[in-house]
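Morning, everyone. Please bring the sequence and the structure up on your screens, and we'll walk through them together.

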Amino acid sequence: MQIESLKLVCFSPTGTTKAVVQGIADGFGSSSVELVDITGTEARKQPLRTSESDLLVVGIPVYMGRLPELATQWLNTIQARNTPAVCVVVYGNRAYENSLLELKDVLKNCGCVPVAGAAYIGEHSFSDAGMPTAQGRPDADDLGHAQSFGRKVRDKMMSLAELSEAAEAEVPGSFPYEGRTQIWDVDFIAVSDACVQCGLCAEVCPVDAVDPQDSAVIDIEKCITCCACIKNCPQSARTMKDGPVRDAQKRLHDNCREPRQPENYL
């Protein structure tokens, strides 16, 4: 069947999920590609409508084994009309648990037909130079794998006369999904005197939790512990305080050293 347009959706505070879905798109090779990046709050105010002639590729990071609630809320507003969809989750080398099944179910409920699924590894949001976890992922091999997966999806779609012939992708997972969709409300970011109030941390925060007038002021009820503000600070003025997030960082560093590999489901 003919795919007229490739629509990429991603929630990607630190850029890893965005890199994966763009790698898949590169492999698919469509001449018409639209990126819908829902990382920012304004972007999540815009609904998405898709048709049968589109291929929807949705990439979401895994938080505590689940999809983050704010991303799920937006995904549930998609208005799809029998749209083939590729479900992609990106996790920090621990486990993706039931998140891929959750994403598949959400997209089905919106009118999509999940034709493929994948789980990729991205550098954990808690990772830093002192306690790295999956540092530098997705790497060149991961992105090459994503491109290969994109080609396989293209081949599957080209083999079909119409979408009704497509076998629905079977992905691992069980229901109820369990795990948490709400993130900790915790004061975990220290801001040093090196901060020059450039405002970049407020710009990259996906939930507007950083005060643009005073970057040391953080709304911990909004914060989703994505660490985008820490990773993007040009002065390295933002670090983790001692506490539950720092403890989780150490557990990940100690227990998740063995590199996991991408998994695809067609």
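Ground rules to begin with. This is a predicted model, where local features need pLDDT of at least 70, side-chain atom pairs count only at pLDDT 80 or more, and totals for chains, interfaces and linings use all residues. Residues are numbered from 1 along each chain as its sequence is written, and side-chain values use heavy atoms, with hydrogens and water left out.

Start with the sheet. It is open and has 6 strands, in the order β2-β1-β4-β6-β7-β10, with mixed pairing. Who sits at the edges? β2 (33-37) and β10 (263-265) do, each with a single partner strand, so one side of each has no neighbour in the sheet. From one strand to the next, the twist averages 15°. On terms: helices (H or I, at least four residues) and strands (E, at least two) are DSSP runs, numbered from the N terminus. Two strands pair if DSSP finds at least two bridges between them.

Now to β6 and β7. Strand β6 (residues 83-91) and strand β7 (residues 112-121) run parallel, paired over 9 bridges. Ala 85 stands opposite Pro 114 in β7. Val 88 faces Ala 118, again in β7. The chain goes from β6 through α3 to β7, and this β-α-β crossover is right-handed. That means clockwise from the first strand over the helix to the second, with the strands pointing away from the viewer.

On to β10. β7 and β10 pair antiparallel, over 3 bridges. Ala 119 has Glu 263 in β10 as its bridge partner.

How buried is β7? 10 of its 10 residues are buried, so β7 is largely enclosed by the rest of the structure. Buried means under 20% relative accessible area, exposed over 50%, partly exposed in between, with a 1.4 Å probe and protein chains only.

Next, the helices. Helix α1 (residues 16-28) lies across β1 (5-10), β2, β4 (54-61), β6 and β7, at about 165° to β1. Helix α3 (residues 99-109) lies across β4, β6, β7 and β10, at about 155° to β6. Axes are lines fitted to C-alpha atoms, for helices over the stretch in contact, and angles run from 0 to 180 degrees between N-to-C directions. Contact means heavy atoms within 4.5 Å.

Then α7. The buried residues of α7 are Val 245, Ala 248, Gln 249, Leu 252 and His 253. Seen down the axis of α7, they fall within an arc of 135°, so they line one face of the helix. The arc is taken from the directions from the helix axis to the C-beta atoms. Part of their cover comes from β9 (238-240).

Last, the two loop residues. Asn 98 lies in the loop between β6 and α3. Buried or exposed? Asn 98 counts as buried, at 11% relative accessibility. Leaving out residues up to four places away in sequence, Asn 98 touches Gly 65, Gly 173, Ser 174, Pro 176 and Tyr 177.

Asp 187 is in the loop between α4 (140-158) and β8 (189-191). Asp 187 is partly exposed, with a relative accessible area of 45%. With the sequence neighbours up to four places away not counted, Asp 187 touches Ile 220 and Lys 241. Asp 187 and Pro 244 are 57 residues apart in sequence, yet 9.5 Å apart in space, C-alpha to C-alpha.
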